[in-house]
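Subject: Structure handover

Hello,

Here is the structure I said I would pass on. Please open it and keep it in view while you read the notes below.

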Amino acid sequence: MRSTGSATLCSCSRKKRPDLYAWREFFRIYLDSEVYFRYNETSLSHLERSSEQVKANLQTFADRAKQAQILDRFKSKQAAIAYQDFLEMNNRLLKIIQYQSINTTALRKILKKFDKRTCLNISGKFPELISDHVFINGSSVAQLICFVMQNKLLTLIPQLDDYTCPICMSVAFKPIRLDCGHIFCVRCLIKTKQRGRTDCPLCRYHDAIRLADSRNLDLNAMELIKKNFPLEVKEKLKEIDKERYDEMVRHKNCVIV
């Protein structure tokens with residue numbers, strides 16, 4: 001990948017991020033395409049894609065990104081370069097997977113032919129001795145790809161689903177992280193508590209809401225949300241103002257947060 005493309009992806013951490021929403025949509029399409037793995041499978045043996053499937057999914061991903069006009073939505077030239085670099089990087093990774101698959105097949109055929117000539121059963125013993133080698137352990141390359149993608153690139157652009165309140169299904173404004181680890185809007189939790197419910201709405205962790213206090217306010221998540229979801233926060237503030245007004249008009253207890 002060219003340095004200009006890498007620099008653009010890393011620039012997502014800057015204060016002004018004009019291409020933030022275009023990148024988020026781009027990576028959402030990438031994740032939904034499940035290029036290298038099937039994320040909804042329960043059997044680990046069925047998670048990994050074959051090289052043919054990866055090739056087809058990469059093409060589907062590229063077509064969907066083009067259909068969404070992601071490239072046209074970028075405002076900076078560097079973002080457009082990084083877009084092309086990302087596609088090129090995935091094509092190169094596909095070639096690595098194809099190379100691995102070819103070599104794995106070739107090695108097995110060589111060992112099988114060797115056994116026919118020597119009767120030493122090397123094809124059954126030798127792979128066990130080098131089971132950690134990339135040509136034998138076929139999942140190693142794909143696993144490494146997913147690790148790099150998710151931990152080095154995709155995390156640069158947080159996805160809204162990870163910071164959505166499960167109660168109101170919008171961005172978790174002033175996020176409260178309960179002792180069980182789940183995040184909710186402070187208003188949603190206050191209203192839930194007013195209805196007499198004290199357990200976590202998701203996992204039913206006992207008294208998670210009742211025991212929550214100011215220490216449960218996730219300041220890091222709050223800053224991340226403000227930085228990465230400015231439009232969603234703005235819309236959420238409008239909703240809160242409307243709720244406050246409706247509560248006062250109806251003479252109900254106004255949840256001021």
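How many salt bridges does the structure hold? There are ten. Please bear in mind that this is a predicted model.

First, the overall layout. The protein has ten helices and two strands. Along the sequence they come in the pattern α-α-α-α-α-α-α-β-β-α-α-α. The chain has 257 residues, and 36% of them count as buried.

Now some of the salt bridges. Side chains of opposite charge can pair when their charged atoms come close. In helix 5, Arg92 and Glu88 are four residues apart, which means that about one helical turn separates them. Their side chains meet in a salt bridge, with 2.6 Å from N to O. Arg92 is partly exposed because its relative accessible area is 48%, and Glu88 is also partly exposed, at 31%.

Another salt bridge joins Lys191 and Glu243, whose closest N and O atoms are 3.1 Å apart. Lys191 belongs to helix 8 and Glu243 to helix 10, so this pair ties together parts that lie 52 residues apart in sequence. Lys191 counts as partly exposed at 23% relative accessibility, and Glu243 counts as partly exposed at 29%.

Asp207 and Arg210 also form a salt bridge through their side chains, at 2.9 Å from N to O. Is Asp207 buried or exposed? Asp207 is buried, because its relative accessible area is 12% and the limit for buried is under 20%.

Next, helix 5 itself, which runs over residues 77-118. Its 42 residues should span 62 Å at 1.5 Å a residue, and its end C-alpha atoms are 62 Å apart, so the two values agree. Lys113 lies in this helix and counts as exposed because its relative accessibility is 52%. On the surface, Lys113 gathers with Lys112, Lys116 and Arg117 in a patch of positive charge. Cys119 follows helix 5 and has a positive phi, near 60°.

What about backbone angles elsewhere? Most residues other than glycine have a negative phi. Glu34 has a positive phi, near 45°. Glu34 sits in the loop between helix 2 (20-33) and helix 3 (51-67) and is buried, with a relative accessible area of 17%. Arg204 has a positive phi too, near 65°. Arg204 is in the loop between helix 8 and helix 9, and it is exposed, at 58%.

The loop between helix 8 (186-194) and helix 9 (219-228) also holds Thr198. At 25% relative accessibility, Thr198 counts as partly exposed. How far apart in space are Thr198 and Ala212? They are 9.5 Å apart from C-alpha to C-alpha, with a separation of 14 residues in sequence.

Last, a nonpolar patch. Which residues make the nonpolar surface patch of about 340 Å²? Tyr245, Met248 and Val249 make it. Val249 is in helix 10, which covers residues 230-249, and Val249 counts as partly exposed at 47% relative accessibility.

Regards

Definitions and conventions: Residues numbered from 1 in each chain as written. Predicted model: local features only at pLDDT ≥ 70, side-chain atom pairs only at ≥ 80, totals over all residues. Heavy atoms only, no water. Patch = residues over 30% accessible without salt bridge, like charges linked within 9 Å, V, L, I, M, F, W, Y side chains within 5 Å. Areas by Shrake-Rupley, 256 points an atom, 1.4 Å probe, with all protein chains shown as cover. Salt bridge = Lys/Arg side-chain N within 4 Å of Asp/Glu carboxyl O. Lys, Arg positive; Asp, Glu negative; His and termini not counted. Charge placed at Lys NZ, Arg CZ, Asp CG, Glu CD. Buried < 20%, exposed > 50% of the residue type's maximum accessible area, 1.4 Å probe, protein only. Expected span 1.5 Å × (residues − 1).
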